Amino acid sequence: KAIATLGPDSTPPLLPSPPPPIVGPGGIPPWWVLHNVTPAGPGKDMGNSTAISFSEEQQKQFGIDEDGNIIDPAKHAKAIATLGPDSTPPLLPSPPPPIVGPGGIPPWWVLHNVTPEGPEKD
C-alpha cells in the first residue's frame with residue numbers, strides 16, 4: 001500500500017536490453033579463438049558479409065569442417081593438445097553479481113526512491 005502512495009512518477013523508465021554478446025555455445029568464444037588458431041581458408045561470401053573458413057590442411061589437422069565445426073572429436077583433441085598449454089588464455093575473474101531484484105530489475109525500494117533505515121547487514 002505504501003508503494004501506491006508514491007505515485008507513478010517515482011518509477012524510472014525501463015532501460016533497453018543490451019545486444020547479446022557474439023560468442024560460441026555455452027557463452028565462450030569458439031575453439032579457434034581460445035587456442036589462437038587463425039582460419040586460413042578463403043572468405044565465404046554470405047551476401048551482406050564475409051565469413052571465415054578453414055583451409056583443407058586445417059580441416060584435416062583439426063578434424064573440422066570448413067566452418068570450424070568439430071567433426072572428429074578425437075582428432076581435434078589430439079591436435080589441440082599439440083598446440084600446448086600456452087594456446088589457452090587464462091580465465092578472467094568473474095565480475096561481482098549485480099545488485100538487482102528478481103527478473104534483473106532493481107529492488108522495489110530503489111525503483112521508488114526509498115532509503116532503508118534499518119541497520120546494515122552482512
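Tutor: Gladly! The accessible surface of the protein chain is about 10,100 Å², and carbon and sulfur atoms hold 64% of that. Keep in mind that this is a predicted model. Of the 122 residues, 19% count as buried.

Student: What pattern does the protein chain follow along the sequence?

Tutor: Five helices and two strands are present, and they come in the order α-α-β-β-α-α-α.

Student: Let me start with a single residue, then. Why does Val110 count as partly exposed?

Tutor: Its relative accessibility is 45%. Buried means under 20% and exposed means over 50%, with partly exposed in between, so at 45% Val110 is partly exposed. You will find Val110 in helix α5, which covers residues 108-111.

Student: What makes Val110 part of a nonpolar patch on the surface?

Tutor: A patch takes residues with over 30% relative accessible area and no salt bridge, and nonpolar side chains such as Val and Trp are joined within 5 Å. With 45%, Val110 is over that area cut-off. The patch consists of Trp108, Trp109, Val110 and Val114, with about 360 Å² of accessible area together.

Student: Which segment holds Asn113, and why does Asn113 count as exposed?

Tutor: Asn113 lies in the segment after α5. Its relative accessibility is 63%, and the label exposed needs over 50%, so Asn113 counts as exposed.

Student: Where is Asn36, and why is Asn36 called exposed?

Tutor: Look in the loop between α2 (31-34) and β1 (44-45). At 58% relative accessibility, Asn36 passes the cut-off of over 50%, so the label is exposed.

Student: Now Glu66: why is Glu66 called partly exposed?

Tutor: Glu66 has a relative accessible area of 39%, which falls between the 20% and 50% cut-offs, so Glu66 is partly exposed. Glu66 sits in the loop between α3 (56-62) and α4 (73-83).

Student: Which residues is Glu66 in contact with, leaving aside its neighbours within four places in sequence?

Tutor: They are Lys44, Ile52, Ser53, Phe54 and Gln59. Contact here means heavy atoms within 4.5 Å. For Ile52, 14 residues away along the chain, the C-alpha atoms are separated by 8.6 Å.

Definitions and conventions
Residues are numbered from 1 along each chain as its sequence is written. This is a predicted model: local features need pLDDT of at least 70, side-chain atom pairs count only at pLDDT 80 or more; totals for chains, interfaces and linings use all residues. Side-chain values use heavy atoms; hydrogens and water are left out. Patches are made of residues with over 30% relative accessible area and no salt bridge: like charges are joined within 9 Å, nonpolar side chains (Val, Leu, Ile, Met, Phe, Trp, Tyr) within 5 Å. Accessible areas come from the Shrake-Rupley method with a 1.4 Å probe; for residues, only the protein chains shown count as cover. A salt bridge is a side-chain nitrogen of Lys or Arg within 4 Å of a carboxyl oxygen of Asp or Glu. Helices (H or I, at least four residues) and strands (E, at least two) are DSSP runs, numbered from the N terminus. Buried means under 20% relative accessible area, exposed over 50%, partly exposed in between (1.4 Å probe, protein chains only).
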